[in-house]
Amino acid sequence: MNQFGTLYIVATPLGHLQDMSWRAVEILQTVHLIAAEDTRHSLPLLQHYSIKTPTISLHAHNEAERIEQLQKRLQQGESIALISDAGTPLISDPGFLLVRKIREVGIKVVPIPGPCAAISALCVGGLPTDRFVFEGFLPQRSALRQTRLAQLVLEERTLIFYEAPHRILVFLKELQTVFGQNRPAVIARELTKIFETILTGTLLQLYEKVEEDKNQQRGEIVVLVAGKPKNNEEEITAEITRILTILLAECSLKQAVDITAKLTAFKKNHIYEIALKMQKTV
Ligand code: SAM
């Protein structure tokens, strides 16, 4: 049996110090080393819980270099905890490269679960929670953002985004362009903190509220967008018919059905039945 140490992935509060789990405190007190996204940022939390364990930085810019060093220490039998500035490490935070490598070399990785802004927002937003998609931060470059959003047009699951406060208004505009003004959405701001606010409404209503109240353009923000409503039978048939009309003038029935299925994600059998009916009526 090897004598390797364990890498713990420890969630820490989003803002409220009491959201730390007992187990998280115990692990941080007893490991040999804490790898923190920003050691200075984590200091008040560690002091609050009398955690005197040595810390080392592990952030987006040094993660790749740190891996070898941490791997060596784990292989020598030391245990290490990874924490980020807030919430769950690896969720829009560093740690993925480390975890992948440490698992590859056969060292145990153990989660110490706790706060996560995405899940906290989802739980209070009032949008469906049975199926959801975490998109995190969109790319900063406008063209890349548009592409990513365009890929989500047909998404039926609740969408979860992280966004910086100074971009929230622009983001709400971009969302309206892609999903329409009437799509239900939620802005969850400053969760677990003094100015915690949950705003609900359509994308247009939220835009108006945030534009009017500058306070809503401050702090940390999660945006939820309801998934695409399921089309009713009539709308589906109309959409399929519209596309098939164009395609049947250009290609074979099979090709037209295949392309329509790809474009719409509707069932091929259903598209085929409509195509046959259309051919009979010509
Ligand atoms: N690892 C964190 C987690 O588990 O949610 C996320 C870290 S990411 C660098 C920071 C982003 O998470 C913020 O820009 C915001 O979108 C979201 N966030 C973090 N804390 C939040 C809070 N208290 N309220 C709302 N959103 C928060």
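A cavity is a set of grid points where a 1.4 Å probe fits but cannot get out. In this predicted model, a search of the whole structure finds one cavity of 30 Å³ or more. The largest cavity holds about 30 Å³ of space. Its lining consists of Glu-37, Leu-58, Leu-82, Ile-83, Ser-84, Pro-89, Pro-94 and Gly-95. By class, five of these residues are nonpolar, two are polar and one is charged.

Nonpolar packing was examined next. In soluble globular proteins, nonpolar side chains tend to be buried together. The largest nonpolar core has 22 residues. Phe-161, Leu-172, Leu-175, Phe-179, Val-223 and Val-225 touch the most other members. Two or more residues come from each of strand E7 (158-163), helix H7 (168-179), strand E8 (184-189), helix H8 (203-212) and strand E10 (221-225). H7 gives the largest share, six residues. Leu-175 is in contact with Leu-149, Phe-161, Gly-180, Leu-203, Val-223 and Val-225, leaving aside neighbours within four places in sequence. A second, separate core has 18 residues, among them Val-25, Ile-27, Ile-51 and Val-110.

Gln-216 is found in the loop between H8 and E10. Its relative accessibility is 8%, so Gln-216 counts as buried, the cut-off being under 20%. The side chain of Gln-216 makes a polar contact of 3.1 Å with that of Arg-189. Not counting residues up to four places away in sequence, Gln-216 touches Ile-168, Arg-189, Thr-197, Leu-199, Val-210 and Ile-221.

Terms used
Residues are numbered from 1 along each chain as its sequence is written. This is a predicted model: local features need pLDDT of at least 70, side-chain atom pairs count only at pLDDT 80 or more; totals for chains, interfaces and linings use all residues. Side-chain values use heavy atoms; hydrogens and water are left out. A nonpolar core is a set of buried Ala, Val, Leu, Ile, Met, Phe, Trp, Tyr and Cys residues joined through side-chain atoms within 4.5 Å. Buried means under 20% relative accessible area, exposed over 50%, partly exposed in between (1.4 Å probe, protein chains only). Helices (H or I, at least four residues) and strands (E, at least two) are DSSP runs, numbered from the N terminus. Contact means heavy atoms within 4.5 Å. On a 1 Å grid over the protein atoms alone, a cavity is a set of points where a 1.4 Å probe fits but cannot get out, and a pocket is an open set with protein on both sides within 12 Å along at least five of seven lines; lining residues have an atom within 4 Å of a point. Grid points are joined across faces, edges and corners, and a volume is the space filled by probe spheres set on the points. Ala, Val, Leu, Ile, Met, Phe, Trp, Tyr, Cys and Pro count as nonpolar, Asp, Glu, Lys and Arg as charged, and the others, Gly among them, as polar. A polar contact is a pair of N or O atoms within 3.5 Å; within protein, one must be able to donate a hydrogen and the other to accept it, and residues adjacent in sequence count only if both atoms are side-chain atoms.
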